[in-house]
Amino acid sequence: MKLKLSISFILFVIVTTAQEINYKLGKVSEAEILQEEHPIEKEAEAAILYKKERVEYEFTPNKGFKSVRYCHYRIKIYNKDGLDWGTIEVPLYKSNNEEETVYEVKGYSYNLMDGKIEETKLKKDGILKENVNKYRNKVSIVMPAVKEGTVIDVEYKVGSEFIGNLDTFVMQYGIPLDKVEIKVEIPEYFVFKRHGKGYHPINVRQTKENRKIPYSYKSGNDVGFSARNQRSTGYLEFFENKYVIETSNIPSLRNTDYTDNIDNYRSAIKFELASVQFPDSPYKNYSLSWADVAKTIYKSSDFGGELSKKRLFEEVLLNLKGEGKDDNQLMLEIFDYVKNEITWNGYYGYYCENGLKNTLKEKTGNVADINLLLVGLLKEAGFKVDPVLVSTKSNGLPLYPTNDGFNYVIAGLSLDGKLIYLDATEKLNGFGLLPSRAMNWYGRLVKEDLTSKEVSLVPKKLAKEVTFLQAKLSVNGLLEGKIRNQYFDNTALYYRKKYKDSDVVEVMEEMEENNTDFSVDNLKFNNKNKYNKALVKSFEFSKENQLETIGDKLFFKPFFFMGLTQNPFIEEAREYPVDFIYPNSKKITVLLDIPEGYTVESVPENVALALPDQMGLFSYTTEFANGKLKCQIQQNINVHMVPAQLYPSLKEFYGTMVQKQLEQVVLVKA
């Protein structure tokens, strides 16, 4: 396999070097169109053959600078799974009366038809603009005649008045990137910091060059009656910092199981505006700390301004307070009121979209409308509670302090010396639980006096799943009995969401479809709508073919269809952490009547395993007495994330767990 890969790579280098590939728009070669698979990553559904981005600042008198970003992509589609790469999506910022624009879009699709290159030009109807929300637009460039084998070649410009905001330069995708060229030219008046991320090394060359811009202006002559304005010409002279990145053969970075947000690990460069200094103008510092960001957000009328509406909160609380209610009861009722009365519209954000008054009236709102209402009501009722700013998993881990670093807000309730997080956007949520989207490392708790602190969002409590099976095993291999599943905390939330739209019959049918020779009867759910209690699922079952007979001995796996049978971690190595979302625990207990006339000859040995630093624990025990076999496994993952350097230990840990659960009990005639 290594030999094949090496030969393919050598051939690729020889071919591409000999051909002197022309990356000018529209100069696609026949070799690029004929290429049936990527030379290095054979399984790739598509590849970016070339990516070029150039950012420069244009100057206009009376308006000043604006940034222009030129983009050029050449993409090869190998198979049907890569057809989505035939559409280029361009995110655009907007604020108040300003918005970024896409212009000078040119593109071609190339296919080989009857031995000849067929060129299809992009038309205006392939350029689609969409309003995403009040802060974002999106332009989709839908290339024509895209099919397996197509090469698309497209370029466009993005003009922006938001001169301090440069989009991240991404240099790693879910498909290979063969060649990338990036150039950024920034006038001396703007000072940017650079932040890099990812595992693929990126070298940035920085130089400094002079620039001279001619411009015209009106000058006045106020001498006598002949005073008039006349147009004069001048020059704006300054130096520019120039940054150049050129690299090749960047491998794909694909999303895999147990990954929080793959974008956190892609190779990329981000430029952050630190300061601005124009001639004859005061110095402006834009470098922020997270404390500065939190303070700015709280001072907004759509955040702190909404939390100051005490009269609104008092009116709501009049209907919730009552005689004989203790603080604990009132606290739970306030949470349930917001959760049940207000429906989340699906939008994130830390600023209120509707405003709390309209949210109460319309019974719907974004995350901030709902959770700031919760904060305000709890605070007005006398509880110690503050908003907590969060970056969701989809928003990623922010590289540096910026307002875009957060996109969500929850309530942080101080109770008995502990900080409890509340999120009322999920109607199936229990008190003190966060949905998985909000469990992203750290948040920032902001107080009314504008002080703030970083807080951990990772649950300290294990989300438990407890299973108890009591059954009888017959000599013909039929297993009959009862199973009781208990789900706690975030595991309960997961299953409540899974089963919320299914009735008992549908759940039973799904269980039978997913298990061969499996029959379910008398399925019951307890506490399905009691969100602060464990969800309990119980049912009777029968399953055939659970024994293997060899000679006069019987063999079976004691955890039957419930055990772990495959290692989820099959990669040889991993460059980024393994994300379990939250610490969790699984316990399975089997109490089994073995077939009459038989006794146990051997059982798997008891074992106890541990990951380094007690990050994970596994125990396996069996005992046999009075014709009954009791087997139990306990699996704890005590952390939400395992670092990449411990991946080999984790893989071995799971491999041993699987091996133990595949071991068999041996029965012989008594």
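Residues are numbered from 1 along each chain as its sequence is written, and side-chain values use heavy atoms, with hydrogens and water left out. Because the model is predicted, local features need pLDDT of at least 70 and side-chain atom pairs count only at pLDDT 80 or more, whereas totals for chains, interfaces and linings use all residues.

Side chains of opposite charge can pair when their charged atoms come close. Taking a salt bridge as a side-chain nitrogen of Lys or Arg within 4 Å of a carboxyl oxygen of Asp or Glu, the structure holds 31 salt bridges. One of them joins K242 to E185, with 3.7 Å between the closest N and O atoms. This pair links distant parts of the chain, since K242 belongs to strand β14 (residues 228–250) and E185 to strand β11 (residues 177–187), 57 residues apart; helices (H or I, at least four residues) and strands (E, at least two) are DSSP runs, numbered from the N terminus. Both K242 and E185 are buried, where buried means under 20% relative accessible area, exposed over 50%, and partly exposed in between (1.4 Å probe, protein chains only).

A salt bridge also connects K553 with E601, the closest N and O atoms being 3.2 Å apart. Here too the pair links distant parts of the chain, with K553 in strand β29 (residues 553–556) and E601 in strand β32 (residues 598–602), 48 residues apart. K553 is partly exposed, at a relative accessible area of 28%, and E601 is partly exposed at 43%. In the salt bridge between E571 and R574, the N to O distance is 3.7 Å; E571 counts as partly exposed at 28% relative accessibility, while R574 counts as buried at 9%. Elsewhere, E32, R74 and D153 are linked in a network of salt bridges.

As for the cysteines, a disulfide is a pair of cysteine sulfur atoms within 2.5 Å, and by this rule the count comes to zero. C352 is buried, with a relative accessible area of 3%, and C631 is buried at 0%.

Helix α8 (residues 367–380) has 14 residues and reaches 20 Å from its first C-alpha to its last, close to the 20 Å expected at 1.5 Å a residue, the expected span being 1.5 Å times one less than the number of residues. The helix is mostly covered, with 12 of its 14 residues buried, among them V367, D369, N371 and L378. Just after α8, G382 takes a positive phi of about 100°.

The second largest pocket has a volume of about 1,600 Å³. On a 1 Å grid over the protein atoms alone, a pocket is an open set of points with protein on both sides within 12 Å along at least five of seven lines, and lining residues have an atom within 4 Å of a point. Grid points are joined across faces, edges and corners, and a volume is the space filled by probe spheres set on the points. Of the 47 residues that line this pocket, the closest to its centre are E465, Y487, Y494, Y495 and K586. The elements giving two or more residues to its lining include β24 (463–473), β31 (584–593) and α11 (647–662), and α9 gives the most, with eight residues.

How values were computed. On a 1 Å grid over the protein atoms alone, a cavity is a set of points where a 1.4 Å probe fits but cannot get out, and a pocket is an open set with protein on both sides within 12 Å along at least five of seven lines; lining residues have an atom within 4 Å of a point.
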